[in-house]
Amino acid sequence: MNKSICLYFQVHQPFRLRTYRFFDIGKNHHYFDEYFNRMILRRVAEKSYLPMNALLLKTIEEQGSAFKVSFSFSGIVLEQLEMYAPEVLESFRTLIATGQVEVLAETYAHSLSSLRNTNEFERQVEAHSAKVEQLFGIKPTSFRNTELIYSDDIGARVAKMGFPVMLTEGAKHILGWKSPNYLYTNAINPKLKVLLRNFRLSDDITFRFSQQSWPEWPITAEKFVGWINKMPEKEEVVNVFMDYETFGEHQPISTGIFDFVKALPAAVIQNTAFKFSTPAEVAKKHQPVSAIHVPNAISWSDEERDLSAWTGNNLQDDALEKLYSLAEKVNASDDEQLKRDWNYLQSSDHFFYMCTKWLSDGDLHKYFNHYPSPYEAYINYMNVLSDFMIRVEDRHAESQSALNDWVESTEKFGHEIGKIASEKFRDAEKSVKSKISETKSKAKPAFEDIKNMSDAKIKKLIKELDAEQLVIAMKDAGEEIRDKVIPNLTQKARKQYDSLHEKLTEVKQKDIQTMRKKVEEKLKNLF
Amino acid sequence: MKILMFGWEFPPHITGGLGTACFGLTKGLVKHDTEVIFVVPKAYGDESQEAVRLVNASDVNIDLDKDEEREYWDRVQYMEIGSNIIPYVGPEAFSKITEQEKRASENFKSKVFAQSYEFSGKYGLNLMEEVARYALIGSAIATKHDFDVIHAHDWLTYSAGVAAKETSGKPLVVHMHATEFDRSGENINTDVFAIEKNGMEKADRVITVSNLTRKIVIERYGIDPEKVVTVHNAVEPKDKETPTDVNKQVKEKVVTFLGRITFQKGPEYFVEAAHKILKRDPNVRFVMAGTGDLLHRMVNRVAQLRVGHRFHFTGFLKGDDVDNMFAMTDVFVMPSISEPFGIVPLEAMRSNVPVVISKQSGVSEILKHAIKVDFWDIDGLADAIYGLCHYSALSEDFIKYGKQEVENLKWEHAAGKVKKVYQSAFDSYLKQSTNS
C-alpha cells in the first residue's frame with residue numbers, strides 16, 4: 001500500500017503597528033514598530049528558524065530523497081527576512097536548493113482578501129508567486145490560503161487560477177464521520193485536489209508537546225510512529241501542518257522538541273509504510289475518495305475552526321470593511337510606499353488582535369497579542385487606517401487632477417490643432433478656389449490670357465489675324481501683352497504693325513472691345 | 001481675615017478639577033485681603049505657595065497621650081472601604097490600586113494612631129483610613145494655628161473641617177464641588193453620603209458650585225436653604241498661549257469630547273450624535289479623549305455604527321496634550337447627564353473653541369456664548385455641532401464673545417463672593433460668642 005506523510009510548515013510574521021495616536025493622523029505616515037518587529041524576528045530566527053533549518057538540512061543530507069518537507073512563506077515575512085535576517089533567508093535557500101522542499105503559494109500579505117475582494121486576492125497570489133520565484137527560483141504550484149481558510153467557493157476560485165491542489169483544515173464539523181487521511185476534491189470543481197490537515201496529530205505536536213498534564217506526554221518519535229501505524233489500513237495520507245515557530249519558539253528547546261524532530265524522519269522511514277511527500281506529490285500519487293463539502297469557510301484556528309478569530313465582531317468588521325473599501329483606489333495608484341503599507345495593513349494578525357472571544361482560546365490569543373485589550377488594538381489600527389485613507393484619497397485626487405490636466409491639455413491641444421487645421425483648410429480652399437477659377441477662365445479664354453501663353457501659341461494666333469485687327473486689339477493692352485506679342489511678329493508683320501500703329505492714333509473703345517472679343521473667339525477656336 | 005483651608009490636592013499634583021479650583025480660589029482670595037493656610041494630606045514640595053501657606057499633614061505628629069485627640073478619635077467611626085468610593089479614578093486604575101494596597105487596609109486602626117503617618121494624598125484603597133487620619137490632623141492643626149474661619153473642600157476633608165471646628169469653636173464653611181449623586185448616580189455610597197450630610201449639617205455655611213448642586217444639597221441632603229450659597233467657579237487665565245507649532249493635520253472639522261468616559265458624562269449621546277452627523281456629512285472627525293468604565297462599550301458602539309475611521313479615541317490626555325487637543329478642535333461637546341459645574345468647557349472657550357454643553361451642567365447657568373441642549377436630545381446635539389462646524393458666522397461669534405466671556409469669569413470675583421460668605425459666617429460667630 002502506498003502511503004504518504006506530508007509535513008508542512010507555515011512561516012509568517014506580521015509587521016506590527018507602533019502606538020499610533022490621534023495626533024499622528026495626517027502628519028506621520030510611519031505605522032510600523034520597526035524595533036519591535038526586528039526584535040521578534042531576530043528572536044524567532046535564533047530560537048527557531050536557524051536551528052530548525054540546520055536540522056532539516058542535516059536530515060535531508062542523511063536521508064536523501066526519502067525525506068521531504070513543505071513550506072509556505074508570507075510575502076511579508078520574506079520582506080522581514082530580507083531586512084532583518086538575510087542569513088535565515090540564505091539558509092532557506094540552501095534547504096530549498098536540495099530539491100526535497102516544496103514551497104507553496106499563498107497571499108502576499110497573509111491577508112483575508114479571499115473573504116473580501118476577489119481581485120485583490122488574485123493580485124496578491126500573483127505577487128506572492130513572483131516574490132517566491134525571485135528569491136528561490138521556483139514557481140509554486142500548490143496553494144494554501146491564510147490560516148488554511150477554505151470554502152467551496154474559495155477552492156473553486158483557486159482552481160480557476162490554475163492551482164491543482166490546495167491545503168486546508170480537516171475540521172470535525174465538515175468531515176463528520178469521514179477521515180482526514182485521504183485525498184479529497186473541491187465540491188464545485190473536482191479538478192482541485194484538497195489535502196486535509198490531521199488536526200489531532202498536528203496539535204499533539206503544536207499544543208500538547210510540552211503539556212505534562214496530557215496523559216500521552218511525552219511524545220517520542222516511537223510513540224508518533226506507533227500512532228500512525230495503528231491507523232486503519234486503508235487510510236493513506238497523513239497531513240501534519242504546523243506553524244514553523246512551533247519548533248523552538250512556542251515549544252522551546254528545553255521541551256526536547258528538536259530531539260523529536262531529529263528522531264522522527266528515520267523512525268517513519270524505517271518503521272512505517274509512510275513515505276514523506278509534498279502536497280504536489282500527494283495530489284499526483286493518490287486517488288481522491290470524494291468531494292469535500294465546505295459551504296461555510298473554515299480555518300485551522302481556535303476550537304471553532306472557523307473565521308471567528310479575525311471576523312465577526314464589530315471591531316473587526318468595521319476595520320475590514322473600511323480597509324477593503326480602498327482596494328480599487330490603492331491598486332490604481334503607482335505610489336510604491338502606499339502599496340507597501342496596503343500590503344502590511346492587510347495581515348490577518350491585525351484583526352486577530354481585535355478578537356473579543358476570550359473564553360476558549362484566550363490564552364493563545366494573549367500569547368500572540370501585544371495590546372492590553374482588543375479595544376486598544378482597534379483604536380490603534382483605526383488611527384493608522386484613518387491616516388492611510390487620507391493618503392489614498394490624496395493620491396486618488398492627485399491622479400484625478402492629473403487626469404483632468406491631461407484631458408484639459410488634450411482639449412487645448414485639440415483646439416490648437418483645430419485652429420491650425422482650419423487655417424490649412426482655408427488655405428487649401430483658397431487654392432482650390434483659385435484653381436477652379438483658373439480652369440474656369442481657361443475654359444472660356446480671355447484676352448488677358450495672352451500674357452500666359454507660349455510663344456508658339458501666340459505665333460499661331462498672329463497668323464489668324466491681320467495687322468489692323470491686331471493693332472486695334474492691342475491698343476492700350478498693357479506692356480505685358482505687348483511684350484509677349486510684338487517679339488513674335490515676323491519682320492514683315494512688324495513693319496505693318498508699326499506703321500498701322502502710328503496711323504491709328506485714335507481708336508474707339510468700342511472697336512477695341514469688339515476686336516478683343518474677336519481675338520478671344522480665335523483663341524477659343526485655336527486651342 | 002485668616003482662613004484655615006482643608007483640601008485634598010494642590011497643583012501640580014492633581015487628578016481632577018478639585019485641585020485646580022482650590023488653587024484658583026486661593027489666588028483670588030489674596031486679592032481680597034485674605035490669608036490662607038492650606039492643608040493637604042501630602043505635599044510634594046513643588047506646589048505653588050504664592051497664595052497660600054501650605055501645610056503638609058504628613059508632617060504633623062500626633063501626641064497620642066493628649067486626651068483631646070484620643071477623645072476625638074473615639075467619635076470617628078471605623079469604616080470599611082467600598083469599591084464605589086474613589087471619585088476620580090477609572091475602574092482599571094482602581095483595580096490596580098486595590099491590588100497594590102490590599103494589605104494596607106489590614107492594619108487600619110493601628111496606623112491611624114501612629115505618631116506620624118505618611119499620607120498618599122491619592123484616591124486609593126485606604127482612602128477612608130486617610131480621611132480618618134486627616135480628621136485627626138485637622139483637630140491637631142486647629143490648636144496650633146490662629147485663624148478666623150475654617151473652609152473644607154469636598155467630603156474628603158469634611159471630617160477634618162468638623163474636627164477643627166470642634167477643637168477651635170471657629171465657624172466652618174464647607175464647599176460642595178460634587179455630590180455623591182453626581183459621582184455615582186443613584187447607586188450612592190452611603191458612607192460618603194453620611195460624611196457629606198454630617199459635614200453640611202455641622203457647617204455654618206455651605207457653598208455650592210452651581211444652583212443645580214444647591215438644589216441637590218437642599219432636596220436630597222435636607223440642608224437648610226438659608227445657609228446654602230451658590231458661588232460659580234471661574235477659570236484661571238491661560239499662562240501661555242496655545243503653542244503655534246500644533247497645526248491641525250486633518251482637513252476635516254474636529255469635534256471633541258474630553259472627560260471621564262463614565263455614565264454621568266453622557267459619552268453615548270456624543271457617539272450617537274456623531275453617527276447622525278457622519279451619515280450626512282463625512283467631513284467631520286470626532287475625538288473622545290479620556291478613559292473610564294464605559295470606554296470599551298463606546299469603542300464597540302463606534303465600530304458597530306461603522307464610523308471607526310471618523311471617530312477616534314485618545315486615552316487619557318494630560319498637560320500639553322490637552323492644549324494640543326484644543327488647538328485641533330473646532331467644536332467642544334460636554335453632554336453630561338449630571339455635572340455640578342464643569343470647568344472643561346471654560347478651558348475650551350479660553351482656547352478659542354466654541355462649545356456645546358448640556359442644560360444639566362452647572363456651567364450652563366452662567367454661560368451665554370455656548371449652545372445648550374438637553375443631554376438626551378441627540379438631534380439637538382447633532383444640530384448644534386453641525387451648525388458650529390459649518391456656519392462660520394455662528395462659530396466666529398462664539399469664539400470671539402466666548403473668549404471674552406470666559407476672561408471675565410475671574411477667580412477674583414468668585415473669591416469676592418466667598419469672602420462675603422466667610423464674613424457672614426464670622427459675623428454670626430461673633431454675635432453668638434458675645435451673646436453667650
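Biologist: How many bridges join E6(B) to E7(B), and which way do the two strands run?

Modeller: Strands of a sheet pair through backbone hydrogen bonds, either parallel or antiparallel. In this predicted model, E6(B) and E7(B) run parallel and are joined by three bridges. Val206(B) stands opposite Val228(B) in E7(B).

Biologist: What joins strand E5 of chain B to strand E6 of chain B?

Modeller: Four bridges do, between residues 172-176 and residues 205-208, and these strands run parallel. Two of the facing pairs can be named. His175(B) stands opposite Ile207(B) in E6(B), and Met176(B) has Thr208(B) as its bridge partner in E6(B).

Biologist: In what order do the strands of this open sheet of chain B stand?

Modeller: The order is E3-E2-E1-E4-E5-E6-E7, seven strands with parallel pairing. Strand E3 (52-56) and strand E7 (228-230) of chain B are at the edges; each has a single partner strand, so one side of each has no neighbour in the sheet. From one strand to the next, the twist averages 25 degrees.

Biologist: Which helices lie across E5 and E6 of chain B?

Modeller: One of them is helix H8 (residues 190-202) of chain B, which runs at about 140 degrees to E5(B). Another is helix H16 (residues 411-435) of chain B, which runs at about 170 degrees to E6(B). Helix H16 of chain B also lies across strand E1 (2-6), strand E4 (149-153) and E7 of chain B.

Biologist: Is Glu196(B) buried or exposed?

Modeller: Glu196(B), which lies in helix H8 of chain B, has a relative accessible area of 0% and is therefore buried. Leaving aside neighbours within four places in sequence, its contacts include Trp155(B), Tyr158(B), Met176(B), Arg183(B) and Tyr221(B). Met176(B) has already come up as the bridge partner of Thr208(B).

Biologist: Now a helix in chain A. Which residues of helix H9 are buried?

Modeller: An α-helix has 3.6 residues a turn, so residues three or four places apart point the same way. In helix H9 (residues 221-229) of chain A, the buried residues are Ala221(A), Phe224(A), Val225(A), Trp227(A) and Ile228(A). Down the axis of H9(A), these buried residues fall within an arc of 155 degrees, so they line one face of the helix.

Biologist: What covers the buried residues of H9(A)?

Modeller: The cover includes strand E1 (3-11), helix H8 (199-206), strand E8 (237-243), helix H10 (257-271) and strand E11 (274-276) of chain A.

Biologist: Which residues touch the most other members of the largest nonpolar core?

Modeller: They are Phe71(A) and Phe224(A), in a core of 188 residues. Helix H17 (residues 374-443) of chain A gives the most to this core, with twelve residues. Apart from it lies another core, of 70 residues, and its members include Met5(B), Ile216(B), Val228(B) and Ala414(B).

Biologist: Where is the peptide bond that is cis, and what is its omega?

Modeller: The bond runs from Trp217(A) to Pro218(A), with omega near -5 degrees. Pro218(A) is in the loop between H8 and H9 of chain A.

Biologist: Which residues other than glycine have a positive phi?

Modeller: One of them is Arg305(A), with phi near 55 degrees. Arg305(A) is in the loop between strand E12 (290-292) and helix H12 (314-324) of chain A, and is buried with a relative accessible area of 10%. Another is Asp154(B), with phi near 60 degrees. Asp154(B) belongs to helix H6 (residues 154-168) of chain B and is buried, with a relative accessible area of 2%.

Biologist: How many disulfides does a search of the whole structure find?

Modeller: Zero, over all chains. As for individual cysteines, Cys6(A) counts as buried at 0% relative accessibility, and Cys22(B) counts as buried at 0% relative accessibility.

Conventions. Residues are numbered from 1 along each chain as its sequence is written. Chains are lettered from A and ligands numbered from 1 in the order in which they are written. This is a predicted model: local features need pLDDT of at least 70, side-chain atom pairs count only at pLDDT 80 or more; totals for chains, interfaces and linings use all residues. Side-chain values use heavy atoms; hydrogens and water are left out. A disulfide is a pair of cysteine sulfur atoms within 2.5 Å. Buried means under 20% relative accessible area, exposed over 50%, partly exposed in between (1.4 Å probe, protein chains only). The arc is that of the directions from the helix axis to the C-beta atoms. Contact means heavy atoms within 4.5 Å. Two strands pair if DSSP finds at least two bridges between them. Axes are lines fitted to C-alpha atoms, for helices over the stretch in contact, and angles run from 0 to 180 degrees between N-to-C directions. A nonpolar core is a set of buried Ala, Val, Leu, Ile, Met, Phe, Trp, Tyr and Cys residues joined through side-chain atoms within 4.5 Å.
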